[in-house]
Each structure stands twice: as C-alpha cells, then as structure tokens.
Amino acid sequence: MISKKGFSLYRIFYTIAIIILFAGNVFAQKFEFSGKRKRETLAFRMIKNQMVIPLHINGKGPFNFILDTGVGLVLISDPKLIDSVSFQNLRSIYITGFGEGEKLSAFIAPSVDLRIGNTIAKNIPAAILKKDIFELSNYVGIPIHGLIGYEFFQSFVVRLNFLTSTITVFQPERAYIPRKGSRIPISIEERKPYIITNIQLKSGKKLPVKLIIDTGAGHPVSLETMDGVPFELPDERIRGNLGVGLTGPIDGYIGRITSLQLGKYTLNNVITAFPDYEDAASRVFSINRNGNMGLEIIKRFNIVFDYSRATMYIKPLAALKDAFEHDMAGLEIGSAGENYKRIIITRVEPSSSADLTGLMKGDEILAINFKPVSEMSLSEIDTMFRSRNGRNFVIDVLLKDGISKRRVILTLNKRI
C-alpha cells in the first residue's frame, strides 16, 4: 500500500450503513451445503491479523476475501472484479462510514452466487466499491478482493480454530456445544454480533460496555463513546493513525485499559484504541454501542458462533496469557510491486525510534538484519517490531529518491 492509508495493527474496518430496497426477501438468502453434508472444515490463512478465505463469485475465482463478522453486507473492495466477473443489474449508490472524507460511491449487485468450499449461496446482494479505498492487497501483502461476514455466519454454526487455522461449519438445526467451552450470550443487531461485558479503565473506573465482535479488526479493543461522551484517556498514551473507514482515515489515541472481562476470563493491560469522536462515534446513529473487540483478543480463544441461538462459546488457548504489545518501531509499512514483495514505509510516528534514526515516509526497506524483505512476510516484520523493548535491528533502506541507500540501527522502544 503506497499511500497514507498504509496502517499496521490498528487498521479498523468499519462497515456499511446502507438501506437497500429490493423486491422480495433477498436478505433471507443463506449459504447451504451442497449435497447431503452436515458439516465441513475449511482452511483459512492468518495474515496480519486478518482471516483470509477463498471465495468464488458467479463461478469465477477463487478470490481472496477477509472473513469479517463486522461486515453486514458482502463487500467487494477491488473494483477490478467488475471486469472479471459477470455482474448483472448494477446500481450506483452512496455509502457512509467512519472517517474524515465524504460519501463513497459504489455499485450494488442485487444478485450474485457465492461458493466457499462446498457451501453455496445464491441470489446474494453485494456492494462493489468504485475505488479501492482500503487498499487491502498492499496492507496484507497478497491480493485481497473483499470482505464477507453476516451471510456466512448466519447460515451455520461456525467454529473457528486458531491453532489449526480452520473453520468448521455445522447445520444450524441442532446446537453444537463444544466440550469445556464457556457459553457467552451475544446479540445480532443490524447483521453484526455484539457482546456486553465489563472493562476497567486505568483510572480504576469499572464500566459495562457493548462491543461489536469484529474479526476484521486487527486491534484488541477500540472504545468510542459512553453515553455520547468520549472515554477518558489513559495518562500514558500516544497519538496515532488508527485506521481507515469507508470515507477516510480515523485518528485518535492508543493506550491501555487495566482489564477486559470475556466470560469467566480476564485479559489484563489491554492495548486499546480511542478514536477521535468526530471520526467514529459521531457517525454511529442506530446501534447504542461503545466500541469493538478485535481479532487480537478473539484469536486467543477457539470460538463457536451460533447466531441462531444468540450464543458464543469460547475455549482459551495458551496465547491467552501473552502480553499485549504495540509497535515499538514507530513505523507503518505496506507492500508494493507486482508480487507485493517490496516494503515501503507509509508513516513514521513523530519522536519514535524510526523517527530518531531518520527513516522517512516513502523510504523502501530492503533488508532487516541482512535478510532481504522479499523473503519475509508483512506479518513477520510486524511481529519483529513488537517483539521486545530494546531489541536492535540492522535496517537497509533505499531512500525515497529511489537512488540513495543507507544502513541504520533501529532500537525498539516501548512507548505505551
């Protein structure tokens, strides 16, 4: 991603607020098993805290889609699919979302056929962005064509296994209750799952909060507003570029809360995003919510979603005890080039380690500790830059003039 939208851990995907009138009950369409199957196991790839699955559209594909519970309508983010997939009866609309920009122009395809593994959905509506404002391919480092959520999760009982990177789907007629799983009630509102839980702020204040369960958000937690008032900020915080919404960037602060309760489990010292009120909370008009809970927390459990019974089951993994850490380099990076093997610096946080070494937006990272970045993934690099306070890296850089090169020593500095 070679733009100001090249974000790291806190890329936030806020979803669509659209009212579409179709003849007939189009939104009732679901995925179904082909043949007499009652369950199926599918593989996903975890890349930069995104769950990526293969999806076929109108018999074409596979295309890479992010599995995102925060998406209430199938969203095709790569407009080039219009040329490779036969869409019928496209209509132009405007959609709104979080961010600083104006309304975004898109198409609505009122009826597409989708296939994920051996599950099929027919006559599903989809939104197609006319401009790839997310630039997901550059962010993730592989071609990404869109996001899918509600249509898939409402069709089955869905088990996410983060140890094996697999999704198992079951017929919803009979409840699937995992052994040793803890049951948590959820609600499905405007095609998204919500949980009511408790948090403790750094000030010591304890609050009940209503959060979207958002597998498409890479951060642990984002807190927007409580009763129309922004959450109080922790004393230790940094100003940050938190992500991109449908209509532009989302700014705010990054800090920590003392704890978050998930069922009978307590997660401590949790990294938390606090979006600016005007970029986020002021644009929420329908659901009375306080924020969202992202994949950085969700992936610490194996989880079963049962939308039909308003239930979620969680079983903790060893990762539950891992500390939450933010980027210690002060760099945001994106991939570029035909094979997404070039790594470009898209933002340098002021006064961060990267800033003090003289790294700049537009510089290209060539090697880290003498290993070419072409042999590394964006996920590996992100993990390195969150690994340990005081850790040193030798960074080889091609300056943004495209000619000069330099070598710097980058020392990680824990900022929050």
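**Aromatic pairs**

A: At 10% relative accessibility, F33 counts as buried (buried is under 20% relative accessible area, exposed over 50%, partly exposed in between, with a 1.4 Å probe and protein chains only). The model is predicted: local features need pLDDT of at least 70, side-chain atom pairs count only at pLDDT 80 or more, and totals for chains, interfaces and linings use all residues. Residues are numbered from 1 along each chain as its sequence is written, and side-chain values use heavy atoms, with hydrogens and water left out.

Rings of Phe, Tyr and Trp (its six-membered ring) pair if their centres lie within 6.5 Å; planes under 30 degrees apart count as stacked, over 60 as edge-to-face and the rest as tilted. The count by this rule is 12 aromatic pairs. One of them is the tilted pair of F33 and F156, 5.0 Å centre to centre with 50° between the planes. F33 belongs to strand β1 (residues 31–33) and F156 to the loop between α3 (150–153) and β11 (157–161), so this pair ties together parts that are 123 residues apart in sequence. Helices (H or I, at least four residues) and strands (E, at least two) are DSSP runs, numbered from the N terminus. F156 is buried, at a relative accessible area of 2%.

Y265 and F301 also form a tilted pair, 5.7 Å centre to centre and 55° between the planes. Y265 is in strand β20 (residues 265–275) and F301 in strand β22, so the parts tied together are 36 residues apart in sequence. Y265 counts as buried at 15% relative accessibility, and F301 counts as buried at 0%.

Ring pairs also link a cluster whose members include F33, F156, F305 and Y307.
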